[in-house]
Amino acid sequence: MLDVRRLHLLRELDRRGTIAAVADALTFTASAVSQQLSVLEREAGVPLLERSGRRVVLTPAGRALVAHADAVLERLELAVSELAGAREGIGGPLRIGTFPSGGPAIVPATLAELARRHPALEPMVQEIDSARVSDGLRAGELDVALVHDYDFVPAPPDAAVDQVPLLEEPMYLATGADTPTDTATGTSAASGPAVRGGTLAELLGPWATAPWITARDGTTGHAMAVRACQAAGFQPRIRHQVNDFRTVLALASIGQGAGFVPEMATTHAPEGVVLTRLPLFRRSKVAFRAGGGSHPAISAFVAAARTAVGAAARSS
């Protein structure tokens, strides 16, 4: 009989690439992970791992078993959700991940709605980049998370994670009044963001030689900025790397460069920043382990987040 916990370790090795990374993520020692995988091989009766230089990689049998592990673990998540639905009321800890700009814009209103509907629920929020959410959910560090992806940076498929849509919003180019925006496009924040037709190349082209403000390297926001500029025909000359959109707007307003911000970040733009709507979108979603969408606490979070987003849209 194959042990489910060892199947989980094999799946994590397939996703993370090294035994050390699996051990670090799941708070095991590397030797303990190796021992458990060796036991799994004996249970399976065929080699699941093979040496490739200084690393181990999955054999074809190992990769086939991972596909079955995804299905098995999804069924277990469904079982947990069904059992939770049989309990009286919704309560207990709910570990929530959120991307940074989701913190002030979505999370407080969502938690307020959760507290109103389900006071016994204990939400615990941690900030995390969308690129790391799948790892956090699979490792059991998170129960649910707000994630996003962008045009040019679609979320990679992951059989272990399900997502439901929450919000789609346009992206804006943020610049200072002394940049080419003054004469080419855009409107100051005081008079509201400009909605102007044109291709990405036409709208970004005037800033091809300007300094740029992007999110930190390795984030989806950074990848989106670089790829959008490349699609417009140039490689951005990055001067600043910050993840906080308020800082991007503040730096742009004093002429420190051009940057991208989503619509929800433009609400309190500082004086002096010029905003131009782009044919580029960010999509926010709620992510959770595959099979967990019917869990009462997850369903409650999704409903509260949608209520919060809807209320924000009506008031804007």
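## Report on a predicted protein model

Buried residues (under 20% relative accessible area, with exposed meaning over 50% and partly exposed in between, for a 1.4 Å probe and protein chains only) make up 46% of the 316 residues in the protein. The model is predicted: local features need pLDDT of at least 70, side-chain atom pairs count only at pLDDT 80 or more, and totals for chains, interfaces and linings use all residues. Residues are numbered from 1 along each chain as its sequence is written, and side-chain values use heavy atoms, with hydrogens and water left out.

### Overall architecture

The protein has 12 helices and 11 strands; these are DSSP runs numbered from the N terminus, helices being H or I of at least four residues and strands being E of at least two. Its C-alpha trace spans about 70 × 55 × 30 Å along the principal axes. Contact here means heavy atoms within 4.5 Å. Among contacts between residues at least 6 apart in sequence, 77% join residues at least 24 apart.

### Packing of helices 2 and 3

Helix 2 (residues 19-26) packs against helix 3 (residues 30-44) at an angle of about 110°, and their axes are 8 Å apart. Axes are lines fitted to C-alpha atoms, for helices over the stretch in contact, and angles run from 0 to 180 degrees between N-to-C directions. Helix 2 and helix 3 are therefore roughly perpendicular to each other, a class that covers 65 to 115 degrees, while angles under 35 count as roughly parallel, over 145 as roughly antiparallel and the rest as oblique. Ile-19, Val-22 and Ala-23 of helix 2 meet Ala-30, Val-33, Ser-34 and Leu-37 of helix 3 in this contact. By class, the contact has 6 nonpolar, 1 polar and no charged residues; Ala, Val, Leu, Ile, Met, Phe, Trp, Tyr, Cys and Pro count as nonpolar, Asp, Glu, Lys and Arg as charged, and the others, Gly among them, as polar.

### Salt bridges

Side chains of opposite charge can pair when their charged atoms come close. A salt bridge is a side-chain nitrogen of Lys or Arg within 4 Å of a carboxyl oxygen of Asp or Glu, and by this rule the count comes to 23 salt bridges. The table lists three of them.

| Salt bridge | Closest N and O atoms |
|---|---|
| Asp-70 with Arg-11 | 3.3 Å apart |
| Arg-138 with Asp-135 | 2.7 Å apart |
| Lys-285 with Asp-149 | 3.0 Å apart |

Lys-285 lies in strand 11 (residues 273-289) and Asp-149 in strand 5 (residues 144-150), so this pair ties together parts that are 136 residues apart in sequence. Lys-285 and Asp-149 are both buried.

Arg-138 and Asp-135 are 3 residues apart in helix 7 (residues 133-138) and are thus separated by about one helical turn. Arg-138 counts as buried at 5% relative accessibility, whereas Asp-135 is partly exposed, with a relative accessible area of 28%.

Asp-70 counts as buried at 12% relative accessibility, and Arg-11 counts as buried at 5%. A network of salt bridges links Arg-11, Glu-12, Asp-14, Arg-15, Arg-16, Asp-70, Asp-135, Arg-138 and Asp-158.

### Strand pairing

Two strands pair if DSSP finds at least two bridges between them. The bridge partner of Gly-176 in strand 11 is Val-273. Strand 6 also runs antiparallel to strand 10 (residues 258-262), with 4 bridges joining the two. In strand 10, Pro-262 is the bridge partner of Met-171.
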